[in-house]
Amino acid sequence: MKFETKAIRIQTENSQHREHSTPIYPTSSFVYDSAEQMGRLFAGEEKGNIYSRFSNPSVREFEEKMAALEGTENAMAAASGMAAIFASFMAFLKEGDHLIASGALFGSSWQVVSDTLPKLGISYTMVDSQDIDSWESAVQENTKMVFLETPSNPGLTITDLKAVGKFCKKHKLIYNVDNCFATPYLQNPKKFGADLVTHSATKFIDGQGRVLGGAVCGSNEHIAKVYAFIRRTGASLSPFNAWVLSKSLETLAVRMDRHCDNAEALAKFLKRHPKVNKINYPHHKSHTQYAIAKKQMKRGGGVVTFELKGGLRAGKKFLNKVKMCSLTANLGDSRTIVSHPASTTHAKLPQKERLSLDITNGLIRVSVGLEHIDDIKNDIKQALG
Ligand code: PLP
């Protein structure tokens, strides 16, 4: 089956009611016929659901779809993207281990790597995601894993997935990629050697800003370890959220194509605008890693960033002038969302650190929605005016 078909046709079995759309299974636990059966399930001698922190049919449907769409053997759902990322670290890293992480990481991932992991005795080295040759000097005897995201949030930095795949193979490192911005429709890191693919399903996978969710995709062997961590620590996805996300996956391909159409058109419009210094879009020729983005991403994605000529003051002013676009912390929604990281989400970081994350003072991030492109352009045009 092709991507679009798998996203729709993979579903849990019908119940006795023969429903067409899959039902939700909002239950904390499952009942047994006898003490013997209960014993067999707990001993792992019989397959079946026991308790929804461990497994649930709605959650399993979402996991099976995610594994099929990422091309991995298995997947484990988590309560949010950060729960999935943290589980992908904790399932494989222990005190004394070392992690190589791309410097171009989403803020919370950056904080987990640079603050939470060191508290657990796990050290890290942040590397330049565009200079993979320099990573050799970061490898230590105790290095276990490489973690990166491409395109990155909010800088839209592209990392060469194939080159990192070779690097990880050479040094026998677990290769972990956050694929949130591209989604499995535009990019499959497994094809380039990734062992683990993490997702914040809260973004384009849900696509309508309704629920939090996450997933880790990988081999059966790797997912068994992630499963054990999530089952024990309780970062499990709720059946309701899993059901919403599973339904969302059915329309992911068509939604992503429209996000990309609108984002391409907006990037072209902004490129010509006199108040814009620079635009950033992975499939626009002006992107510094355009050639790599073209090789590893089917299309450029739903996020465009641009640099306003007036810096911080202009950034804040722009946010206050948009009428239709939403000012909110999320992205990947059907609604177009604008944000100005330097005065909001990243305002507490010193400018030097902001710049190291490619967050300039005038940077505006647009998560381009599914409204008509003329309305998106008109709103941004009048705000720029
Ligand atoms: N990874 C990336 C690239 C993100 O942009 C986000 C959230 O913005 C996350 C992970 C975390 O996802 P969640 O908010 O679902 O925990």
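# Salt bridges, sheets and a ligand site

Modeller: This is a predicted model, and a search of the whole structure turns up 13 salt bridges.

Colleague: What is the N to O distance for Lys94 and Asp97?

Modeller: Their side chains meet in a salt bridge at 3.5 Å, N to O.

Colleague: Is Lys94 buried or exposed? And Asp97, buried or exposed?

Modeller: Lys94 is exposed, with a relative accessible area of 51%. Asp97 is buried, at 3%.

Colleague: Which residue does Arg210 bridge to?

Modeller: Arg210 meets Asp206 through the side chains, 2.7 Å from N to O. Asp206 is buried at 0% relative accessibility, whereas Arg210 is partly exposed at 46%.

Colleague: What about Arg299, which side chain does that one meet?

Modeller: Glu264, in a salt bridge of 3.1 Å, N to O. Arg299 sits in the loop between α11 (290–296) and β9 (303–308), and Glu264 belongs to helix α10 (residues 252–271), so the pair ties together parts 35 residues apart in sequence.

Colleague: Is Arg299 buried or exposed?

Modeller: Buried, with 16% relative accessibility. Glu264 is partly exposed, at 30%.

Colleague: How many residues of β7 are buried?

Modeller: β7 is mostly covered, with 5 of its 5 residues buried. Gly214, Val216 and Gly218 point one way from the strand, while Ala215 and Cys217 point the other way.

Colleague: How many bridges join β1 to β7?

Modeller: There are 5, and the two strands run antiparallel. Ala77 has Ala215 in β7 as its bridge partner. β6 is also antiparallel to β7, joined by 4 bridges, and there Ser200 has Gly214 as its bridge partner.

Colleague: In what sense do β4 and β5 pair?

Modeller: Strand β4 (residues 143–149) and strand β5 (residues 174–178) are parallel, over 5 bridges. Val146 is partnered with Tyr175 in β5.

Colleague: Ser200 brings me to the ligand. Which residues are closest to the ligand?

Modeller: Met82, Asn153, Asp178, Ser200 and Thr202 are the closest, out of 14 residues that surround the ligand.

Colleague: How far is the side chain of Asn153 from an oxygen atom of the ligand?

Modeller: An N or O atom in the Asn153 side chain is 2.8 Å from a ligand oxygen. For Ser200, an N or O atom of the side chain is 2.8 Å from an oxygen atom of the ligand. Lys203 has a polar side-chain atom 3.1 Å from an oxygen atom of the ligand.

Colleague: And the sheet of 5 strands, what order does that have?

Modeller: β8-β9-β12-β11-β10, open, with mixed pairing. β8 (276–280) and β10 (326–327) stand at the edges with a single partner strand each, so one side of each has no neighbour in the sheet. Helix α12 (residues 311–321) packs on the sheet and touches β9, β10, β11 (337–339) and β12. The direction of α12 makes about 130° with that of β9.

Colleague: How do β9 and β12 run, parallel or antiparallel?

Modeller: Antiparallel, with 5 bridges joining β9 to strand β12 (residues 363–367). Glu307 has Leu363 in β12 as its bridge partner.

Colleague: Last one, helix α9. How many of its residues are buried?

Modeller: Helix α9 (residues 239–249) has 8 of its 11 residues buried, so call the helix mostly covered. Among the buried ones are Pro239, Val244, Leu245 and Leu249.

Colleague: What covers the buried residues of α9?

Modeller: The cover includes α1 (3–9), α3 (57–70) and α10.

Notes
Residues numbered from 1 in each chain as written. Predicted model: local features only at pLDDT ≥ 70, side-chain atom pairs only at ≥ 80, totals over all residues. Heavy atoms only, no water. Salt bridge = Lys/Arg side-chain N within 4 Å of Asp/Glu carboxyl O. Buried < 20%, exposed > 50% of the residue type's maximum accessible area, 1.4 Å probe, protein only. Pairing = 2+ DSSP bridges. Contact = heavy atoms within 4.5 Å. Axes fitted to C-alpha atoms, helices over the stretch in contact; angles between N-to-C directions. Near = heavy atom within 4 Å. Polar contact = N/O pair within 3.5 Å; in protein donor to acceptor, adjacent residues only side chain to side chain.
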